[in-house]
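Please load the model in a viewer and keep the selection panel at hand.

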Amino acid sequence: MRTGLTKKQKTTVIYFDEYSRIIEVQTHNTDLKKRLTAFAAKYPECCRQTDDDEQGGLTFEIEKGRLSFRLTAPYSEERRQAAREWAKNNGRI
């Protein structure tokens with residue numbers, strides 16, 4: 001979809017506070033939009049689309065506790081080497 005927006009303007013913004021039980025997500029990210037749309041269709045009591053900005057961005061409201069952030073630590077050199085060996089031994093390279 002051509003929106004006239006630059007990649008820098010195509011943002012994802014997540015709003016929440018400690019009081020409310022709702023998280024608001026505004027996004028232009030295609031994968032996230034698809035995932036949130038499917039989640040809202042399957043679990044309408046937990047998530048719903050609230051806006052479409054007509055430039056490719058969608059806004060959703062989600063119950064707090066349904067959205068998570070995952071932080072991943074960098075792999076150590078030993079772990080990278082083990083992954084390389086596994087890939088070689090299992091025909092993945």
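**First stop: alanine 40**

Select alanine 40, which is buried, with a relative accessible area of 13% (buried means under 20%, exposed over 50%, partly exposed in between, with a 1.4 Å probe and protein chains only). This is a predicted model, in which local features need pLDDT of at least 70 and side-chain atom pairs count only at pLDDT 80 or more, while totals for chains, interfaces and linings use all residues. Residues are numbered from 1 along each chain as its sequence is written, and side-chain values use heavy atoms, with hydrogens and water left out.

Alanine 40 lies in helix α1 (residues 30-42); helices (H or I, at least four residues) and strands (E, at least two) are DSSP runs, numbered from the N terminus. Not counting residues up to four places away in sequence, alanine 40 touches Cys47 and Arg48, a contact being heavy atoms within 4.5 Å. A distance drawn from the C-alpha atom of alanine 40 to that of glutamate 61, 21 residues along the chain, reads 9.2 Å.

**Second stop: the nonpolar core**

Now select Ile23, Val25, Leu36, Ala40, Cys47, Leu58, Phe60 and Ile62, the 8 residues of the largest nonpolar core (a set of buried Ala, Val, Leu, Ile, Met, Phe, Trp, Tyr and Cys residues joined through side-chain atoms within 4.5 Å). Two or more residues each come from β2 (22-27), α1 and β4 (58-63), and β4 gives the most, with 3 residues.

Centre on phenylalanine 60, whose contacts beyond four places in sequence include Ile23, Val25, Leu36 and Cys47. Threonine 59 is also in strand β4 and is buried, with a relative accessible area of 9%. Leaving aside neighbours within four places in sequence, threonine 59 is in contact with Glu24, Val25, Gln26, Arg48, Gln49, Thr50 and Asp51.

Move to helix α2 (residues 77-89), whose 13 residues should span 18 Å at 1.5 Å a residue; the end C-alpha atoms are 18 Å apart, which agrees. The expected span is 1.5 Å times one less than the number of residues. After α2 comes glycine 91, with a positive phi near 70 degrees.

**Last stop: the lining of the largest pocket**

Finally, select Leu32, Arg35, Leu36, Phe39, Ile62, Arg66, Leu67 and Ser68, which line the largest pocket. On a 1 Å grid over the protein atoms alone, a pocket is an open set of points where a 1.4 Å probe fits, with protein on both sides within 12 Å along at least five of seven lines; lining residues have an atom within 4 Å of a point. The largest share of this lining, 4 residues, comes from α1.
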